[in-house]
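Please examine the sequence and the three-dimensional model shown below.

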Amino acid sequence: MPTRTRPGNNVESPRNTATETVVKPAHDAAVAGMFGRIVPFYDLLNRVLSLGLDQYWRKVLAQNVRLGDTGRVLDLAAGTLDVSLAIRRRHPSAIVPAMDFCPPMLVRGSRKLKNANARSILPVAADAKRLPLPDASVDCITIAFGIRNILPREAAFAEMLRVLRPGGRACILEFGSGQERIWGGLYNVYLNHLLPRVGKVFSKDPGAYEYLADTIRKFPSALSLEKEMRAAGFERAWHEKLTSGIVCLHVGEKAR
């Protein structure tokens, strides 16, 4: 099981951690198991269900990354490492610890790593609520389409603030809330009907995409999440709506 590194130690990222067992509460274990079942279809469904827009959204996320003295960007809920690779394309000098609590996702993503990326993207199985990193050890944190799977969010925000250096930022990409009417309600039709059906056809796991739709429906509005981030301790927090609010980019900065 990953443990926190004491402050002052170097960041370590042994490759075999992608397959080690991580002890999780019931919710975390259920979500990790669900994502583990859809690994073979995950990248394909990301492209199909977003009509290819997921690549644009990750590019915007990477554009908001800011490097500092550590040269490290922590990619949380890293999945199959598409965000980690987008960060490296935008910031070729960055070292990217890539953490996810579903080891099969990281194993799948590791197949994409070649040359410099294989040395600079460091997959590690870890819980976002208990990060195996020293205090103030990264310049920036990214998390794409993962924050809604973490409960309680306050614990994840606290860990983000702990490992960020002063003045560092967290960049969170997440679907717009199903509680808001987007495209005159067509977004909700997509969530309630199309998304679970397409997911079932491709992955043969209808529960996974029903879960996805349910978490989006229940997720807070962009303004509410922004307030949560400020309440958690981020000195500044703001958001930008992408694709008419289907996705939102949230940015929070730690006090200097």
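Predicted model: local features only at pLDDT ≥ 70, side-chain atom pairs only at ≥ 80, totals over all residues.

Seven strands form an open sheet with mixed pairing, in the order β3-β2-β1-β4-β5-β7-β6. At its edges stand β3, which covers residues 121-125, and β6, each of which pairs on one side only. Neighbouring strands of this sheet are turned against each other by 15 degrees on average, when direction is ignored.

Within the sheet, strand β1, residues 73-76, runs parallel to β4, and 4 bridges join the two. Asp75 has Thr142 of β4 as its bridge partner. Two helices that pack on the sheet may be considered next. Helix α5, residues 103-110, touches β2 (96-100) and β3, and the direction of α5 makes about 160 degrees with that of β3. Helix α7 also packs on the sheet, where it touches β1, β4 and β5; the direction of α7 makes about 145 degrees with that of β5.

The loop between β4 (138-144) and α7 (153-163) contains Pro152. The peptide bond that leads from Leu151 to Pro152 is cis, with omega near -5 degrees. Phe145 lies in the loop between β4 and α7 as well, and its phi is near 55 degrees, a positive value in a residue other than glycine. Is Phe145 buried or exposed? Phe145 counts as buried because its relative accessibility is 15%, and the limit for that class is under 20%.

Arg236 stands opposite Glu253 in β7. Thr243 lies in the loop that links β6 (236-242) to β7 (247-253), and Thr243 has a positive phi of about 50 degrees although it is not a glycine. With a relative accessible area of 23%, Thr243 is partly exposed.Helix α10, residues 222-232, includes Ala222. Why does Ala222 count as buried? The reason is its relative accessible area of 6%, because buried residues have under 20%. Which residues does Ala222 touch, if those up to four places away in sequence are not counted? Ala222 touches Glu180, His239, Cys248 and His250. Of these, His239 falls within the range of β6 (236-242), while Cys248 and His250 fall within that of β7 (247-253). Ala222 and Glu174 are 48 residues apart in sequence, with a C-alpha to C-alpha distance of 9.2 Å in space.

Trp183 is found in the loop between β5 (164-175) and α8 (186-203). At 49% relative accessibility, Trp183 counts as partly exposed, because the exposed class requires over 50%.

Definitions and conventions
Residues numbered from 1 in each chain as written. Heavy atoms only, no water. Buried < 20%, exposed > 50% of the residue type's maximum accessible area, 1.4 Å probe, protein only. Pairing = 2+ DSSP bridges. Axes fitted to C-alpha atoms, helices over the stretch in contact; angles between N-to-C directions. Contact = heavy atoms within 4.5 Å.
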